[in-house]
Amino acid sequence: MSWTKKVLRINLTKGTCTPEPLNMEWVEQFLGQRGLATKYLTEEVPPTTDALSPENTMYMITGPLTGTMASTAGRYSVVTKSPLTGAVACSNSGGFFGNEMKCAGWDMIILEGKSPMPVYISINDDKAEILPADEIWGKSVWETDEWLHAKHQDPQLRIAAIGVPGEKGVLYAAIINDLHRAAGRSGVGTVMGSKNVKAIALRGSKGVTVNDPKAFFETTTAAKKILAENAVTGEGLPALGTQVLMNVINEMGAQPAHNYKDSVFAGASKISGEAMLEPRESDGKPNLTRNAGCFACTISCGRISTIDPQHFSIQNKDDLHHSYHANSGGLEYEAAWALGSDTGVDDLDALTYAQFVCNEQGLDPISLGSTIAAAMEMFEEGVITTKDTGGIELNFGNAKAMIECTELVAKAEGFGLELGQGSARFCAKHGRPELSMTVRGQEFPAYDPRGIQGMGLGYATSNRGACHLRGYTVASEVLGIPIKTDPLETEGKAGLQIAFQNATAVFDSVGICVFTSFAWSLEDVAPQLDAACEGDWTPERLGEIGERIWNLERLYNEAAGVGASADKLPPRMTTEPATTGPAAGKVSGLATMLPEYYAERGWSPEGGVTAETKTRLGL
Amino acid sequence: MSKMTVKLFASLMEYLPVNSTKSHGFDYKITDSTTVGYLIDDLKLPRNVIHIVLLNGVYLDAETRDETVLSEGDTLGFWPPVAGG
C-alpha cells in the first residue's frame, strides 16, 4: 500500500505537530494530491476566508504513487485558498521534496494558523519540530537552502522554501524546492509567508511500499517503455525541453507578444529552445548545459543552463550570487514567453537571469512577466510615467528595464511592491483594468486564445485562474496528441477541453508528472495504481474521479464568489482580432463555446453545478 | 523559378544547409508545380520523423502534404513530434 495513511497537522498558532490518520474514505473519492487536498480544503476552510489570514490552511500533499519507482513519481502539490485569485490554488512541483515527504512517513503536511514569529519546520521521519527562522527571514531561497543544510549537517535534506516576496506579500510568490523546482502559481508561497513559515526541511528514511511488488515492477516497467519509445517523451522533451514550443507557437501565430497585442514575436527564434543550443561568442559555450530529471523521472525535460559570463545582468554580482555564474535551473518556455515575448525582450541571457532570480527568490515568472508587460503597455500609452516606475524607462523590448523590475519584485521594494500585486490589481489601480490579461486575477500563460480556440475556453473555465496546465488542448490543437484538431475552430472544443480537464485532474492526483500524459492515457495509469494500492482502480473510475475533482473545485469557487461570473476573457481576446498569422481577423469564440461547455458539464445554462450533477458525482 | 522559405526545427535542424540562418530558415527554389512531397524528398527529410508541418503557419495534414503545391513567398516549417507546457 503506497499510502502511509498518515498526516502531519502543524498548528502554527499553538506550536503543535500532531499526527492523524489520512481520511481513506476521501481517498476512495478523490484519490490523492490535488483531489484529496482540495477535499480537505473544502471541509476545513470556508470559501469566504481571507486567503492571507490565519484561518486559511495550506496542504502539502503527495499522491499514491509519489515516492515509488513509477516514472516521474516525485510530485507533490500545494493546495490552499489563493490570495491572487480568491479561488482554489493548487500548484504542483517536482524535484525530490515529494518523495522525501513520503519516505519520512507522511502523505500530507498541513499548515494551519499562524506562527507568532518566523519559523521553519524540521521533519526527520516521525520527529517534527517548529524551529526559529530569525536568521533566515529576509534571505533568499538559495541562502535558506544553504543555511539549513549547514545547520542540520545533512547533505540529503530536502528543502522547500520561500524568498523575500513570499514574506512581504507579493501575491504570486512561489514555493521553491530543491533550489529550482517550483510550486509556482497562484501565490501559494504568499500563503506560506503569511503564516510566518520560511521553509520545510525534510529527511525520510522509511521508503515506500506497494501492494503487489511483482505486478508493480511489471506494470511500471511497461509504462516506462511507452515513455521511452514515444517520440515526445523519449526524444523531444529530453533534447529541447519545454522551450521547443517557442518556434512552433510563434510560427502558427499564437505566440503572445507585447501584452497580447500581437500574436507573433519577431525575436522568438532568438529565445527558443533551439537558440539555447547555439554557441555564444564570449566563451563558445551554449546557454544549455544539459537536461535534468526530477525523482524517478525517465523523461528529464528540465534545463540546466548558464548565463553568458559577459552579459550585463551578472557583471556586478559578487560571490554570494555564485549561482548566477554557474549552472542553474532554466530556461523554461513559460518563463521565456512571459519575461520575453510578452515584454518584447529577445535577449536569451536576460531571460535566463530573470528566471534564475525567480528561482532564487520564489516568484511565478508567468505572473511576473505578464504584469511587467501590462505595465509596459501603460508606460508606452503614458498612463504611467517614470514617476510611477521610479525612473525606469519601461518600454517594450527594454531588457534592462525588465530585469530592474524583476529585481525590484524579488526584493519587494519600490515599484516592485506595486508590480507584486499582479496584473489585475496593477491595471485596475491605474484605471485600465481591460489591459490585464488575466482570468480570476491570474495571468495568462503562453498561448493566444485567438489562435488556439480551445485554450480560451480553458483559461475562462480554469478553476485556478488562467492556466495552461488545467486543460492543455494545445496537445491536440497544435501538436496532434492524441489526435489533431483545428486550432481556429470552436466546434468540438467544449468536449475536448472537458476531456483534458478531467484527465489532468487525475494525473495531478496520482503523484506523477502531467508530461507523462503526452504518452500515457488513464489506461496506462490505472494498472500502476492498481498494483501500488488497495482497491480497484480502473480507467473508468479514474475518469469519474477526475470529473468529481473538477466539480468540487468549481463548487468551492462558486461559494467563494469566483464561479460562473468569472468565466470570461479580457476584452482584447473577444473584441480585438489577431492582426498577423493564420489567426488574423479572429477573436476568441468563447461566447460560442461556453454554453456548450456548461451543457456538456451537466451544469445550468448560467454555469452553476446542478443538484443532479452533484448527486451523480457524490458531491 | 521563384523562391520560398523552408524552416527546420528541433532534431530536424541537422538537415539544414550549412549556409542557413539562425532563424532556421533558408531559401528554396520552386517551379509552378513543386509540391511539399517533392521538397521533402529533395531535401532528404526523414518522413518517419516529420510530424508537424506548417505552411504559412497552417497545419498540413499528412494526407495532403504530398499533393500540396508551393507558391512564391510561402514559408514551410517542419518539426518532429514535440510538446511542452
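Tutor: Let's go through the chains, some local details and the contact between them.

Student: Before we start, is this predicted or experimental?

Tutor: It's a predicted model, and local features are taken from it where pLDDT is at least 70.

Student: OK, chain A then. How many helices and strands are there in chain A?

Tutor: Chain A has 24 helices and 17 strands. Its radius of gyration is 22 Å, close to the 25 Å from the globule rule for 619 residues, so chain A is as compact as a globular protein of that length. Along the principal axes, its C-alpha atoms fill a box of roughly 60 × 55 × 45 Å.

Student: And what share of the residues in chain A is buried?

Tutor: 63% of the 619 residues. Also, if you take contacts in chain A between residues at least 6 apart in sequence, 70% of them join residues at least 24 apart.

Student: Which domains is chain A divided into?

Tutor: Domain 1 covers 6-203, domain 2 covers 245-251 + 257-436, and domain 3 covers 448-617.

Student: How far apart are the C-alpha centres of domains 1 and 2 of chain A?

Tutor: They lie 26 Å apart. The contact takes 33 residues from domain 1 of chain A and 25 residues from domain 2 of chain A. On the domain 1 side, α4 (141-152), α5 (164-167) and β10 (175-177) of chain A each supply at least two residues. α5(A) gives the most to that side, with three residues.

Student: Switching topic: why is helix α10 of chain A described as largely enclosed?

Tutor: Nine of the nine residues of α10 (residues 333-341) of chain A are buried, so the rest of the structure largely encloses that helix. Among those buried residues are A:Y333, A:E334 and A:W337.

Student: What do the buried residues of α10(A) pack against?

Tutor: They pack against α9 (245-251), α11 (348-361), α12 (365-381) and α14 (399-411) of chain A.

Student: Which residues have the most contacts inside the largest nonpolar core?

Tutor: That core has 224 residues, and the ones with the most contacts inside it are A:Y59, A:I109, A:L351, A:A375 and A:M402. Leaving out residues up to four places away in sequence, A:M402 touches A:L339, A:T343, A:V345, A:A350, A:A354 and A:I372. One of those, A:L339, also sits among the buried residues of α10(A).

Student: What about A:D508, is it buried or exposed?

Tutor: A:D508 is buried, with 26 other C-beta atoms within 10 Å. It's found in helix α19 (residues 493-510) of chain A.

Student: Which residues is A:D508 in contact with, sequence neighbours within four places aside?

Tutor: A:Q33, A:R34, A:S77, A:N92 and A:V514. A:D508 and A:R75 are 433 residues apart in sequence, but 8.5 Å apart in space, C-alpha to C-alpha.

Student: On to chain B. What pattern does chain B follow along the sequence?

Tutor: The pattern is β-β-α-β-β-α-β, which comes to two helices and five strands. Chain B has a radius of gyration of 12 Å, and that agrees with the value near 12 Å for a compact globule of 85 residues. Of those 85 residues, 28% count as buried.

Student: What's the strand order in the chain B sheet?

Tutor: It's an open sheet of five strands with mixed pairing, in the order β2-β1-β5-β3-β4. β2 (25-30) and β4 of chain B are at the edges with a single partner strand each, so one side of each has no neighbour in the sheet. β1 (residues 2-8) of chain B pairs with β2(B) in the antiparallel sense over six bridges, and B:M4 has B:Y28 as its bridge partner in β2(B).

Student: Last one: how many residues of chain B are in contact with chain A?

Tutor: 21 residues of chain B, in contact with 32 residues of chain A. On the chain B side, β3 (52-55), β4 (58-59) and β5 (75-79) each supply at least two residues. By class, that side has twelve nonpolar, eight polar and one charged residues.

Methods: Residues numbered from 1 in each chain as written. Chains lettered and ligands numbered in written order. Predicted model: local features only at pLDDT ≥ 70, side-chain atom pairs only at ≥ 80, totals over all residues. Contact = placed C-beta atoms within 7 Å. Helix = DSSP H or I, 4+ residues; strand = E, 2+ residues; numbered from the N terminus. Nonpolar A, V, L, I, M, F, W, Y, C, P; charged D, E, K, R; others polar. Buried ≥ 20, exposed ≤ 12 C-beta atoms within 10 Å, placed from the backbone. Domains from an automatic or database assignment. Rg over C-alpha atoms; globule rule 2.2 N^0.38 Å. Core = buried A, V, L, I, M, F, W, Y, C linked by C-beta atoms within 7 Å. Pairing = 2+ DSSP bridges.
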